[in-house]
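Work through the exercises below with the sequence and the structure open beside you. Try each task yourself before you read its solution.

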Amino acid sequence: MDSQAKYAVLARAGAEIYLRLPKPGYVEWIWDHAAGNVVITEAGGQMTDVDGNEIDFSLGAKLSPNVRGILGSNGGRVHEAVVKAYRELTKEEE
(Lines give C-alpha, C1' and ligand atoms only; values in the text may rest on other atoms or scores of the structure.)
Protein backbone atom coordinates (compact mmCIF):
# COMPACT_ATOMS: atom_id res chain seq x y z
CA MET A 1 0.00 0.00 0.00
CA ASP A 2 1.48 3.36 -0.94
CA SER A 3 1.97 6.20 1.55
CA GLN A 4 -1.00 8.22 0.31
CA ALA A 5 -3.36 5.29 0.83
CA LYS A 6 -1.95 4.80 4.34
CA TYR A 7 -2.65 8.45 5.11
CA ALA A 8 -6.25 8.02 3.87
CA VAL A 9 -6.74 5.00 6.14
CA LEU A 10 -5.42 7.03 9.06
CA ALA A 11 -7.65 10.02 8.24
CA ARG A 12 -10.78 7.84 8.21
CA ALA A 13 -9.79 6.39 11.62
CA GLY A 14 -8.86 3.00 10.19
CA ALA A 15 -5.58 3.17 12.14
CA GLU A 16 -4.18 5.09 15.10
CA ILE A 17 -0.67 5.83 13.79
CA TYR A 18 1.45 5.71 10.66
CA LEU A 19 5.13 5.54 11.45
CA ARG A 20 7.78 5.67 8.72
CA LEU A 21 11.38 5.02 9.77
CA PRO A 22 13.65 5.04 6.71
CA LYS A 23 17.24 3.86 6.74
CA PRO A 24 19.70 6.39 8.21
CA GLY A 25 20.77 8.93 5.61
CA TYR A 26 17.67 8.55 3.43
CA VAL A 27 15.96 11.87 2.69
CA GLU A 28 12.20 11.68 2.03
CA TRP A 29 10.56 13.14 -1.07
CA ILE A 30 8.04 15.87 -0.31
CA TRP A 31 5.40 14.46 -2.65
CA ASP A 32 5.31 11.25 -0.61
CA HIS A 33 4.02 13.14 2.44
CA ALA A 34 2.70 16.65 1.67
CA ALA A 35 -0.76 15.61 0.46
CA GLY A 36 -1.02 13.11 3.31
CA ASN A 37 -0.29 15.91 5.75
CA VAL A 38 -3.23 17.91 4.38
CA VAL A 39 -5.58 14.91 4.52
CA ILE A 40 -4.59 13.99 8.08
CA THR A 41 -4.73 17.52 9.49
CA GLU A 42 -8.07 18.24 7.81
CA ALA A 43 -9.42 15.10 9.46
CA GLY A 44 -8.24 16.35 12.85
CA GLY A 45 -5.03 14.35 13.03
CA GLN A 46 -1.42 15.38 13.29
CA MET A 47 1.82 14.82 11.38
CA THR A 48 5.31 15.58 12.65
CA ASP A 49 8.75 14.11 12.33
CA VAL A 50 9.53 11.39 14.87
CA ASP A 51 11.08 14.01 17.15
CA GLY A 52 7.77 15.88 17.35
CA ASN A 53 8.81 18.76 15.08
CA GLU A 54 6.55 20.24 12.43
CA ILE A 55 7.60 19.16 8.94
CA ASP A 56 8.74 21.93 6.60
CA PHE A 57 7.38 21.25 3.11
CA SER A 58 8.87 24.44 1.62
CA LEU A 59 12.42 23.17 1.03
CA GLY A 60 12.02 21.89 -2.51
CA ALA A 61 11.70 18.30 -3.71
CA LYS A 62 13.03 16.71 -0.54
CA LEU A 63 12.39 17.12 3.17
CA SER A 64 15.14 18.28 5.48
CA PRO A 65 17.87 15.69 6.01
CA ASN A 66 17.22 16.22 9.74
CA VAL A 67 13.87 14.41 9.41
CA ARG A 68 14.70 10.92 10.73
CA GLY A 69 11.18 9.63 10.26
CA ILE A 70 7.54 10.59 9.84
CA LEU A 71 4.73 10.15 12.35
CA GLY A 72 1.11 10.59 11.39
CA SER A 73 -1.66 10.00 13.90
CA ASN A 74 -5.20 10.78 14.91
CA GLY A 75 -3.58 13.40 17.14
CA GLY A 76 -3.57 14.03 20.85
CA ARG A 77 -2.20 11.66 23.44
CA VAL A 78 -1.35 8.84 21.04
CA HIS A 79 0.87 11.13 18.99
CA GLU A 80 2.59 12.52 22.06
CA ALA A 81 3.12 9.02 23.50
CA VAL A 82 4.75 7.73 20.31
CA VAL A 83 7.07 10.75 20.11
CA LYS A 84 8.03 10.25 23.75
CA ALA A 85 8.63 6.52 23.27
CA TYR A 86 10.76 7.16 20.18
CA ARG A 87 12.85 9.72 22.04
CA GLU A 88 13.44 7.30 24.90
CA LEU A 89 14.38 4.47 22.52
CA THR A 90 16.83 6.56 20.52
CA LYS A 91 18.35 8.05 23.69
CA GLU A 92 19.23 4.53 24.80
CA GLU A 93 20.95 3.85 21.45
CA GLU A 94 23.16 6.94 21.60
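This is a predicted model: local features need pLDDT of at least 70, side-chain atom pairs count only at pLDDT 80 or more; totals for chains, interfaces and linings use all residues.

Residues are numbered from 1 along each chain as its sequence is written, and side-chain values use heavy atoms, with hydrogens and water left out.

**Exercise 1. Aromatic pairs**

Find the aromatic pairs in the whole structure and describe the geometry of each.

Solution. Begin with the rule: rings of Phe, Tyr and Trp (its six-membered ring) pair if their centres lie within 6.5 Å, and planes under 30 degrees apart count as stacked, over 60 as edge-to-face and the rest as tilted. A search of the whole structure with this rule gives two aromatic pairs. In one of them, the ring centres of Tyr-7 and Tyr-18 are 4.9 Å apart and the planes stand at 90°, so this pair is edge-to-face. The pair connects distant parts of the chain, since Tyr-7 belongs to helix α1 (residues 3-11) and Tyr-18 to strand β1 (residues 17-20), 11 residues apart; helices (H or I, at least four residues) and strands (E, at least two) are DSSP runs, numbered from the N terminus.

Next, consider accessibility, where buried means under 20% relative accessible area, exposed over 50%, and partly exposed in between (1.4 Å probe, protein chains only). Tyr-7 has 0% relative accessibility and therefore counts as buried, and Tyr-18, at 10%, counts as buried too. The other pair is formed by Trp-29 and Trp-31, with 4.6 Å from centre to centre and 15° between the planes, and it is stacked. Here Trp-29 is partly exposed at 29%, whereas Trp-31 is exposed at 56%.

**Exercise 2. The nonpolar core**

Which residues make up the largest nonpolar core?

Solution. A nonpolar core is a set of buried Ala, Val, Leu, Ile, Met, Phe, Trp, Tyr and Cys residues joined through side-chain atoms within 4.5 Å. The largest such core has 10 residues in all, namely Tyr-7, Leu-10, Tyr-18, Ile-30, Ile-40, Met-47, Ile-55, Leu-63, Val-67 and Ile-70. Now take Met-47 and list its contacts (heavy atoms within 4.5 Å). When residues up to four places away in sequence are not counted, Met-47 touches residues that include Tyr-7, Ile-40, Ile-55 and Ile-70, and Asn-37 is also among them. Asn-37 is found in helix α2 (residues 34-42) and, at 17% relative accessibility, counts as buried.

**Exercise 3. Strands and their partners**

Which way do β1 and β3 run, and how many bridges join them?

Solution. Two strands pair if DSSP finds at least two bridges between them. Four bridges join β1 to β3, and these strands run antiparallel; four bridges likewise join β2 to β3, again antiparallel. Ile-70 in β3 is the bridge partner of Arg-20, and Ile-70 is also the bridge partner of Asp-49.

**Exercise 4. Salt bridges**

How many salt bridges does the rule give?

Solution. A salt bridge is a side-chain nitrogen of Lys or Arg within 4 Å of a carboxyl oxygen of Asp or Glu, and by this rule the count is two. One joins the side chains of Arg-20 and Glu-28, at 2.7 Å from N to O. In this pair Arg-20 is partly exposed at 27%, while Glu-28 is buried at 3%. The other joins Arg-68 and Asp-51, at 2.5 Å from N to O. Both Arg-68 and Asp-51 lie in the loop between β2 and β3, so the pair ties together parts that are 17 residues apart in sequence. Arg-68 is partly exposed at 35%, and Asp-51, at 17%, counts as buried.

**Exercise 5. Two loop residues**

Where do Ala-13 and Gly-60 lie?

Solution. Ala-13 lies in the loop between α1 and β1, and its phi is near 65°, a positive value in a residue other than glycine. With a relative accessible area of 58%, Ala-13 is exposed. Gly-60 is found in the loop between β2 (46-49) and β3 (70-73) and is partly exposed at 41%. The C-alpha atoms of Gly-60 and Glu-80, 20 residues apart along the chain, are separated by 28 Å.
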